[in-house]
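Please look over the model below before reading my points.

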Amino acid sequence: MHIRSIVAPLIKWFAGNARDLPWRWTRDPYAIWVSEIMLQQTQVKTVIPYWQRWMKQLPDIASLAAADEDTVIKLWEGLGYYSRARNLQKAAKRIRDEFGGRFPRDLAGVLALPGVGRYTGGAICSIAFNQPEPIVDGNVARVLTRLLGIEESPKAKPVADRLWSVAADLVKHAPTLQKPRQRNASAFNQAVMELGALICTPRNPLCGGCPLKGRCIARKQNKVDAIPALAKRAAATKRRFIGFIIAWRGEVYVQRRPSGEVNAGFWEFPNWQADDPAMQPADLAKASLALGQAALEPLCTINHSITRYRNRLEMFVIAPTRKPPLANLTGEWLPVAKLAELPLTAAHRKAATRFLNTANAREEIIRIGRRSTRMNAD
């Protein structure tokens, strides 16, 4: 099989089978850039509402560059990998300051933007500008390794280099088949990604509906399930965290994650990693919060995964009889109503939602306020 023979049938298949995604209705490089950054490590169905909200509130480079940090990370809240949002704004400021607000139109200029790598740069240039720049992500690598019958890991450097070379040859060939008003570089790159997402899936691929089934070596050799060869995932590490929602006179105590740390800029409730599995929440509250014998009300347990970590967050509500100094912490007291406006990390957003929707918690806030009023009167 000559590999270039896949280009025409794949573009034709894409024309009739492409998903109706909102960013496919525009050629605005800014909108396409935002979509590609959001799609890193995130499923399409998750990204769609986030992209729509983002574009409504920050429709262009100027608005993103001028936005305050809380607005940016609040719009990203729940998507994870939050450095992506910070890099988007950092890049927008660079485009504003160094490029007069115009998105760069060449691959070198796009690659110079923070958070943009080889794949994302190629995707933006091909989709927005119809430039024949190659892309290789997980979907593309899976399609090409199966087509070519490559049994080695696509992450091995010689294999990766070969895949990028093949992808470059194919996307450069696509425009030679182009008719007036066609955008074949854009169509081909999107087509091969779409094929990997919809047909040539990691498990149980729909080979019968593949436009390239007659050209696929893995299918001919009955090796579809074995290709691509992927390394075993590292064993997951379990971690336990204990956190506290401290309520006082209708306010709660929150703290912001410092710059340079994971999830920098996001807010959260006081919490600590409990390396000792025997650690009791009451003992931790006494030692870290200096709250004496304050009663702890269990709120919820949230299990969430971040890369190779399997985190367990145990949340408790504390209603102290007097306002605690919390001298060892660097947060602040905010009205409970403000919780909905703050950008919280994903696990703490779930805890805040549970807190706000729990009748006992709401009653506790009211009771604290009433108790404080009586104490002041006495």
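Buried means under 20% relative accessible area, exposed means over 50%, and partly exposed is in between, with a 1.4 Å probe and protein chains only. K223 is partly exposed, with a relative accessible area of 28%.

1. Ground rules. This is a predicted model, where local features need pLDDT of at least 70 and side-chain atom pairs count only at pLDDT 80 or more, while totals for chains, interfaces and linings use all residues. Residues are numbered from 1 along each chain as its sequence is written, and side-chain values use heavy atoms, with hydrogens and water left out.

2. Salt bridges, the count. A salt bridge is a side-chain nitrogen of Lys or Arg within 4 Å of a carboxyl oxygen of Asp or Glu. By this rule there are 15 salt bridges. R19, R24 and E194 are linked in a network of them.

3. K223 and E151. Their side chains form a salt bridge, at 2.6 Å from N to O. K223 sits in the loop between α12 (217–220) and β1, and E151 in the loop between α9 and α10, so the pair ties together parts that are 72 residues apart in sequence. Helices (H or I, at least four residues) and strands (E, at least two) are DSSP runs, numbered from the N terminus. E151 has 40% relative accessibility, so E151 counts as partly exposed.

4. R256 and D70. This salt bridge spans 2.3 Å, N to O. R256 belongs to strand β2 (residues 251–256) and D70 to helix α5 (residues 69–76), so the bridge ties together parts 186 residues apart in sequence. Are these two residues buried, exposed or partly exposed? R256 counts as partly exposed because its relative accessibility is 31%. D70 is partly exposed too, at 26%.

5. R349 and E77. Here the side chains meet in a salt bridge at 3.1 Å, N to O. The pair links distant parts of the chain: R349 is in helix α14, E77 is in the loop between α5 and α6, and they are 272 residues apart. R349 has 15% relative accessibility, so R349 counts as buried. E77 is also buried, at 13%.

6. How empty space is found. Rolling a probe the size of a water molecule over the atoms shows where empty space is left. On a 1 Å grid over the protein atoms alone, a cavity is a set of points where a 1.4 Å probe fits but cannot get out; a pocket is an open set with protein on both sides within 12 Å along at least five of seven lines; lining residues have an atom within 4 Å of a point. Grid points are joined across faces, edges and corners, and a volume is the space filled by probe spheres set on the points.

7. The second largest pocket. It holds about 890 Å³ of space. Its lining has 28 residues, with V262, N263, H304, I306 and N311 nearest the centre. Elements that give two or more residues to this lining are α6 (83–98), β1 (237–248), β4 (271–273), β5 (296–306), β6 (309–318) and α14 (346–357). Which of them gives the most? Helix α14 does, with 4 residues. The lining divides into 11 nonpolar, 12 polar and 5 charged residues. For these classes, Ala, Val, Leu, Ile, Met, Phe, Trp, Tyr, Cys and Pro count as nonpolar, Asp, Glu, Lys and Arg as charged, and the others, Gly among them, as polar.

8. The largest cavity. The whole structure has 2 cavities of 30 Å³ or more. The largest has a volume of about 120 Å³. It is lined by 14 residues, and R146, C200, C207, C210 and C216 are the closest to its centre. Helix α9 (residues 138–148) gives the most to this lining, with 3 residues. The lining has 11 nonpolar, no polar and 3 charged residues.

9. The second largest cavity. Its volume is about 40 Å³. Its lining consists of I135, V140, L144, A167, L170, F188, N189 and V192. Two or more of these residues come from each of α9, α10 (157–173) and α11 (184–198). The largest share, 3 residues, belongs to α11. By class, the lining has 7 nonpolar, 1 polar and no charged residues.

10. R322. This residue lies in the loop between β6 and β7 (332–335). R322 is exposed because its relative accessible area is 65%. The C-alpha atoms of R322 and G101 are separated by 53 Å, and the two residues are 221 residues apart along the chain.
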